[in-house]
Amino acid sequence: PYVVVDNGRLKWLQDAYTVSDALPYSQRIGDSGINYIRNSVKIAIDAYDGNPVFYVADPQDPIVQTYQRIFPTLFRPMDSMPPSLRRHVRYPEDFFIIQAGVYGTYHMKDPEVFYNKEDLWSFPKESQRAQNTTMQPYYTIMRLPGEAREEFILMLPMVPNKRDNMIAWMAARCDGADYGHLFQYAFSKDRLFYGPYQIQARINQNPEISRQISLWHQTGS
């Protein structure tokens, strides 16, 4: 959850999911055991009185449709969310991680390439406090190619499996009518594009930057 200011009041916004492990012919995701997930509900909770309001963000989801029949007064349509609150809604990071992970395999359209897993994509690694970790999606404001103005997006670089160069980046749009639009920009395989880990290495190899970082890592004034 994250807190926002809506008409002078603090509101917590929370993404809610419907999940299942029983969807026929659907691949299970990691250790979770689920093979179906939808970000079907957005919850707004007043930080002062704790009053929650449940907005249905995915009315086509059959599970949330069932919940609506069980609790007919609990849910409201997403269209009824005030515009002042709607502009704070953002695409959920957890949901995007699952989708990007699946897309790393299913972006392959050639059956032979897919069967042999010849073009697997994965999440890049990055170095934090001298330890390598898997990079997570992050929110940023940028102007997408071909667009006239900047917008708020959730994005994640992608690298070929077990390699560090960047092969693509994925993003989810968050603003207005474009909310939920997922897309990817794939790079040419004929050129080398540095990935996040390689860029970090180049930064650390710069003598001036390395000297300053070493100084800042020391304790004291």
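**Reading the features**

Colleague: Which residues line the largest pocket?

Modeller: The lining of the largest pocket is made by Pro1, Tyr2, Leu13, Gln14, Asp15, Tyr17, Arg90, Tyr91, Pro92, Glu93, Asp94 and Tyr139. On a 1 Å grid over the protein atoms alone, a pocket is an open set of points where a 1.4 Å probe fits, with protein on both sides within 12 Å along at least five of seven lines, and lining residues have an atom within 4 Å of a point. This is a predicted model in which local features need pLDDT of at least 70 and side-chain atom pairs pLDDT 80 or more, while totals for chains, interfaces and linings use all residues. Residues are numbered from 1 along each chain as its sequence is written, and side-chain values use heavy atoms, with hydrogens and water left out.

Colleague: Which elements give two or more residues to that lining?

Modeller: Those elements are strand E2 (9-20) and helix H3 (93-106), and the largest share, four residues, comes from E2. Helices (H or I, at least four residues) and strands (E, at least two) are DSSP runs, numbered from the N terminus.

Colleague: How should I read a nonpolar core, and which residues touch the most other members of the largest one?

Modeller: In soluble globular proteins, nonpolar side chains tend to be buried together. A core here is a set of buried Ala, Val, Leu, Ile, Met, Phe, Trp, Tyr and Cys residues joined through side-chain atoms within 4.5 Å, where buried means under 20% relative accessible area, exposed over 50%, and partly exposed in between (1.4 Å probe, protein chains only). The largest core has 15 residues, of which Tyr91, Phe96 and Met158 touch the most other members, and H3, strand E10 (151-160) and strand E11 (168-173) each give two or more residues to this core. Apart from it lies another core, of ten residues, including Ala44, Val53, Tyr55 and Met78. Beyond its neighbours within four places in sequence, Met158 has contacts (heavy atoms within 4.5 Å) with residues that include Ala100, Gly104, Trp121, Phe123 and Met170.

Colleague: What does Ala186 touch, leaving aside neighbours within four places in sequence?

Modeller: Ala186, in strand E12 (residues 182-186), is in contact with Trp121, Ile167 and Ala168.

Colleague: Is Thr18 buried or exposed?

Modeller: Thr18, which lies in strand E2, counts as buried because its relative accessibility is 7%. Not counting residues up to four places away in sequence, Thr18 touches Tyr36, Ile37, Arg38, Ser40, Asp61, Ile63 and Val64.

Colleague: And Met142, where is it placed?

Modeller: Met142 is in strand E9 (residues 138-142), and at a relative accessible area of 23% it is partly exposed. Met142 and Ile153 are eleven residues apart in sequence, with their C-alpha atoms 7.5 Å apart in space, and Ile153 is one of the residues that Met142 contacts, together with Arg149, Glu150, Glu151, Met155 and Trp169.

Colleague: What is the phi of Tyr25, and where does Tyr25 lie?

Modeller: Phi of Tyr25 is near 60°, a positive value in a residue other than glycine. Tyr25 lies in the loop between E2 and strand E3 (36-46) and is exposed, with a relative accessible area of 89%. Lys117, in the loop between helix H4 (111-115) and strand E6 (121-122), has a positive phi of about 50° although it is not a glycine, and Lys117 is partly exposed at 39% relative accessibility.
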